[in-house]
Amino acid sequence: MVRTSMIDSSPIIRMFHVYKRYGKKHALVDISLDIAKNEFVFINGHSGAGKSTLMKLLYRAEEASEGQILVDGINLNRIPRKKIPFLRRKFGIIFQDYQLLPEKSIHENVALVLEAAGQTNIRAVRKKVSSLLSIVGMEDRRDAYPQFLSGGEQQRVAVARAVAGNPRIIIADEPTAGLDSESAGTIMDLLKRFHMRGATVIIATHDKKLIDQTGGRMIQLKNGRIEHITIAKAIHDDTVC
Amino acid sequence: MARNSFLHIITITTIALSVFITSAFILCLVNGQTFMTSCKQGFHMMAYIKPHVKAADTSSISDVIQSIAGIDHVKFISKTDALEWLKKRMNRQAGLFEGLTTNPLPDAFKVHIPENVRNDEAMERIAREIEALPSIENVEYARKWIKRFVHVVELIRFAGIALGALFFLAAVLIVANTIRLLLYSKKREIEIMRLVGATDFFIKTPFFIQSMIQSVAGSLIGLFGLYSIYGYISARVPRDVSTELIQLHFLSLHHTVLIALIFMGAGCLGCGLSLKQFSKS
């Protein structure tokens, strides 16, 4: 089944001549791009191309050495330190290594996002977490700890955690790396599902096959520069919404 | 929590010891000051009459003493009354008086000095003037030992302030170290919390609460330890010694709350320092 989500052409992310340097090493060079609201974008490139750095700049885990970045109208060069947590709540972040807290149960890991955002109603948090865990198919493992889950299961929990705060943008850094094809398919299906619900999805991957299978737009990076940007393709959605 | 239980125990123990030692000094100081106040309230001189002076002359001597500037009132104490009073006070050592055939005590005047005149110069002048009277053998008052006691109380005060400051600093540093170690052990958790949009307030509050709990627990243990030792000592002070002058008191509620609050402040300060340092790193 091929679906095309309703893309709002107004950009949610804008980058103007962005550079990132680590000492003498140039990680990103003159990056200028727009990502529209509810767009599905892949950032592709080999290892060391600057994919992860570009993602980190967006949620201000790293600061640009030069240039301007606007996220949902906020200029990241001017954002005060105190406002960074509020910027990050616009994002749902999925890491290659899942980054789940080993001392917290699955339920607690997902609930953390809601609690961090100031949600104090325990019943509402429990309800929301249960609903998310059931969407990602992990409801029956809610009391398990991350170390007792497979990689695919951990990544499903990470997806649930990423979308818990109803983020406007989902960022996934190599979300399927190290997963078997079935688990990778499940993760991609989940991401497409949340994209269909209105989120902008940005995925960093070196896997071209994955991009071809999914659709969307691809930004190709090479040695920290944009090599080329493809025209957006329809999202191939096999999931049931 | 359990993983870091050793750290918590060390922190609470250090705070408890700091509170215990600081409070012990404050307790000594408070009781010393109470004792001084009692001394000053009941302050008097004893003017002992020469043995050959007739009882009929005591009234006129009393009038002469009363006329000396700076004296509130004068009371005659006969040697019989003095011996009776001494026997009452030393009833446990009654055997001492059994062999007495004559009363060895002299007649005396108890000279009360008003509070505004109780300074060294005035006291010495009054004592000199009374001693100059031909019927008076000598004059005694507790000037020297009160002076010495004032020095001891002052010494305790300074030592208390110095040690209190030292232990406050120790509490700040030990809490700071505990929190620093906790922060490093939870570094990954904190980083993830930051990435999911947790504010500094959300991240830091549990550490502040933890250091406050440690401070309160340490303060309570320290104060309870001091109270137990105080109870043990005060129960063993002989009743002969425990007169109106020496009445031991434990720290007031005001003092205990203040001590607990100061060490809670130390805990928060230590925690704040570590969090600030951690935020910068």
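# Briefing: a two-chain predicted model

Chain B carries an open sheet of 4 strands in the order 2-3-1-4, with antiparallel pairing. Strand 2 (73-77) and strand 4 of chain B stand at the edges; each has a single partner strand, so one side of each lacks a neighbour in the sheet. From one strand to the next, the twist averages 20°. The model is predicted. Chain A has 7 helices and 12 strands, while chain B has 9 helices and 4 strands.

**The sheet of chain B**

- Strand 1 (residues 44-49) and strand 3 of chain B run antiparallel and are joined by 5 bridges.
- In this pairing, B:H44 stands opposite B:H112 of strand 3.
- Strand 1 of chain B is also joined to strand 4 (residues 136-140), by 4 bridges, and again the two run antiparallel.
- B:I49 has B:I136 of strand 4 as its bridge partner.
- B:Y48 stands opposite B:N138, also in strand 4 of chain B.
- Helix 2 (residues 58-66) of chain B packs on the sheet and touches strand 1, strand 2 and strand 3. The direction of helix 2 makes about 155° with that of strand 2 of chain B.
- Helix 5 (residues 120-131) of chain B packs on the sheet too, touching strand 1, strand 3 and strand 4. The direction of helix 5 makes about 165° with that of strand 4 of chain B.

**B:K110 in strand 3**

- B:K110 lies in strand 3 (residues 108-112) of chain B.
- B:K110 counts as partly exposed because it has 14 C-beta neighbours inside 10 Å.
- Leaving out residues up to four places away in sequence, B:K110 touches B:H44, B:M46, B:K75 and B:I77.
- B:I77 is 33 residues from B:K110 in sequence, yet their C-alpha atoms are 6.9 Å apart.

**Chain B as a whole**

- From the N terminus on, the elements run α-β-α-β-α-α-β-α-β-α-α-α-α.
- Chain B has 281 residues, of which 23% are buried.
- Take the contacts in chain B between residues at least 6 apart in sequence: 88% of them join residues at least 24 apart.

**Chain A as a whole**

- Chain A has 241 residues, of which 44% are buried.
- Of the contacts in chain A with a separation of 6 or more, 70% come from residues 24 or more positions apart.

**Nonpolar cores**

- The largest nonpolar core has 71 residues. The residues with the most contacts inside this core include A:V110, A:V159, A:I170 and A:L191.
- Helix 3 (residues 106-116) of chain A gives the most to this core, with 7 residues.
- Another core, of 25 residues, lies apart from it; among its members are B:I12, B:L226, B:L251 and B:I259.
- Beyond four places in sequence, A:I170 touches A:G92, A:I94, A:A162, A:V163, A:L191, A:F194, A:A199 and A:V201.

**A helix pair in chain A**

- Helix 5 (residues 151-163) and helix 6 (residues 181-196) of chain A pack at an angle of about 10°, with their axes 9 Å apart.
- The two helices are therefore roughly parallel to each other, the cut-off being under 35 degrees.
- Helix 5 of chain A brings A:G151, A:G152, A:Q155, A:R156, A:V159 and A:V163 to the contact.
- Helix 6 of chain A brings A:S183, A:T186, A:I187, A:L190, A:L191 and A:F194.
- By class, the contact residues are 6 nonpolar, 5 polar and 1 charged.

**A hairpin in chain A**

- Strand 10 (residues 217-222) and strand 11 (residues 225-229) of chain A pair in the antiparallel sense over 4 bridges.
- A:K222 stands opposite A:R225 of strand 11.
- The two strands form a hairpin with 2 residues between them. In the turn, A:N223 has a positive phi of about 50°.

**Where the chains meet**

- 12 residues of chain A are in contact with 9 residues of chain B.
- On the chain A side, helix 2 (84-88) and helix 3 are the elements that give two or more residues.
- Helix 3 of chain A gives the most to this side, with 3 residues.
- The chain A side has 8 nonpolar, 2 polar and 2 charged residues.

Notes. Residues are numbered from 1 along each chain as its sequence is written. Chains are lettered from A and ligands numbered from 1 in the order in which they are written. This is a predicted model: local features need pLDDT of at least 70, side-chain atom pairs count only at pLDDT 80 or more; totals for chains, interfaces and linings use all residues. A nonpolar core is a set of buried Ala, Val, Leu, Ile, Met, Phe, Trp, Tyr and Cys residues joined through C-beta atoms within 7 Å. A residue is buried if 20 or more other C-beta atoms lie within 10 Å of its own, exposed if 12 or fewer, and partly exposed in between; C-beta atoms are placed from the backbone. Two residues are in contact if their C-beta atoms, placed from the backbone, lie within 7 Å. Ala, Val, Leu, Ile, Met, Phe, Trp, Tyr, Cys and Pro count as nonpolar, Asp, Glu, Lys and Arg as charged, and the others, Gly among them, as polar. Two strands pair if DSSP finds at least two bridges between them. Axes are lines fitted to C-alpha atoms, for helices over the stretch in contact, and angles run from 0 to 180 degrees between N-to-C directions. Angles under 35 degrees count as roughly parallel, over 145 as roughly antiparallel, 65 to 115 as roughly perpendicular and the rest as oblique.
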